[in-house]
Each structure stands twice: as structure tokens, then as C-alpha cells.
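Reader: Hi! I'm new to this one, could you walk me through it?
Author: Happy to, let's have a look together.

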Amino acid sequence: MEENDPKQFRFVEEAEDEIMEKVRELKKLIRDAVDEGDKHTEALCLSYIGLAYYKLGNYETSQIYHEKHLALARQTNNESGERRALSNLACVVKLSGDISKAKELLEKALEIANERNNKRAMGKIYNNLGNIYEMENNFDKALKCYLERYKIAKDLGDQNGTGKSCACIGSLYHVTGNLKKSIAYYQEMLEVLRAKLRKYHNT
């Protein structure tokens, strides 16, 4: 099974019956994995099912599967799996309104990503933490998180991450009254979008 990619379930447009068919297939894979003692496949299936229920809007069931994934990752000392489970669980918990718990989960995920020097994961976690701080109107901490994500995206040459972080930073500077910096980041975001359009038209 391929590495866990949240986009497969969280963002790609799919009909509900198609998602449920995938869930049924994944549940069968879990049964086979348990019979064979294949913890790696079992963990990935739990994660995918959690993401599928997230996309269906069934957050309670999604949380159950992400918690199962987290427990299994910890049982097998799979730090990358634990980090993914913590991050995915935080997204579900945030929607339930427990912002404090979501932040705690993301901070644990960030600690693991830092220990493993996983820059790409760190960037995504900083973005999610920034969202939470922004929801709390803690603009200083939100800005710090978005700036960390921006730096990581630039270091990785991540065009999408750079553009999205510029949008977040520009928005926060606008809200806090620093229009000069707001405009600068929005202009950089536009440059990223123009570069993507040029690339699209040249393919």
C-alpha cells in the first residue's frame, strides 16, 4: 500500500458511494493484515479509513479510526505513523471545537517531526498550528507559525507551500494593520500564482 496521502481522501472530489466502497475494501484489507500480522498495512488502512470518514463528514467515526491508528503506531514504535495520526486526529478534534486538544496533538506531532528533521511535515504542522492560533485571535503566535512554514517552503522549493503561507501572512499583517508587509507578501503570492500559470500553459 502507498504511503498515507491525506489528499487522496480529504481533498479529491469523490461521490459518497465511491468513498464507502473504498472503506469496505480497506476494512477487508485490515482483516487480512490482522490475520497475517502485518501491522504496517493495518496501520495505513486505519489511517485511510479515518480520512475517508473525515471526507464524508462523519467526524466521530473518523476520530475513532485515527485514535486506533495512533495506538497502533505507538505500540509498534512507528514515529512517522504516530506523527501522521496525531496530525490527522488534530484536524478532526479541531472541528469538534476542542481547540486546546487539537493544539496539544499538533505540538506532539511537531516534536516528532523536529526530531526526525522532517521539514515537509513540519511545514504542514506549522500551518495547522497557525490556523488554530488565528482562531484564538493569538495573531503573534499565528504569524510566527506561518513565517516558519514560509521559511521551510522556501528552503524546500515548495511553490504551493510558499504561495499559501504568503496568503496567510499577508492576511495577518492586514488584520494587524501592517499594510506595507501585507502588500509585500500578497505580491509574492501573486508571483507564485503567475509562475504556476506559466508552467501550466507551457505543458
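Author: One term to begin with: a salt bridge is a side-chain nitrogen of Lys or Arg within 4 Å of a carboxyl oxygen of Asp or Glu. Please keep in mind that this is a predicted model, where local features need pLDDT of at least 70, side-chain atom pairs count only at pLDDT 80 or more, and totals for chains, interfaces and linings use all residues. Residues are numbered from 1 along each chain as its sequence is written, and side-chain values use heavy atoms, with hydrogens and water left out.

Reader: Thanks! Which residue forms a salt bridge with D158?
Author: That is R120, with the closest N and O atoms 3.9 Å apart. The pair links distant parts of the chain: D158 sits in the loop between α8 (139-156) and α9 (159-175), R120 in helix α7, 38 residues apart. Helices here are DSSP runs (H or I, at least four residues), numbered from the N terminus.

Reader: How many salt bridges does the structure hold?
Author: There are 11. Another one pairs R116 with E79, at 3.6 Å between the closest N and O atoms. R116 is in the loop between α6 and α7 and E79 is in helix α5, so this pair ties together parts that are 37 residues apart in sequence.

Reader: And is R116 buried or exposed, or something in between?
Author: Partly exposed, at 47% relative accessible area. Buried means under 20%, exposed over 50%, and partly exposed in between, using a 1.4 Å probe and protein chains only.

Reader: Switching topic, what about E42, where is its place?
Author: E42 is in helix α3 (residues 39-56). E42 is buried yet has no salt bridge, and the nearest side chain of opposite charge, K39, is 4.2 Å away. For charge, Lys and Arg count as positive and Asp and Glu as negative, while His and the chain ends are not counted.

Reader: Which residues does E42 touch?
Author: Leaving out residues up to four places away in sequence, E42 touches I30, A33, V34 and L72. Contact means heavy atoms within 4.5 Å.

Reader: Back to the salt bridges, what about K108?
Author: K108 forms one with E104, the closest N and O atoms being 3.4 Å apart. The two are four residues apart in helix α6, which means about one helical turn separates them. K108 is partly exposed at 34% relative accessibility, and E104 is partly exposed with a relative accessible area of 34%.
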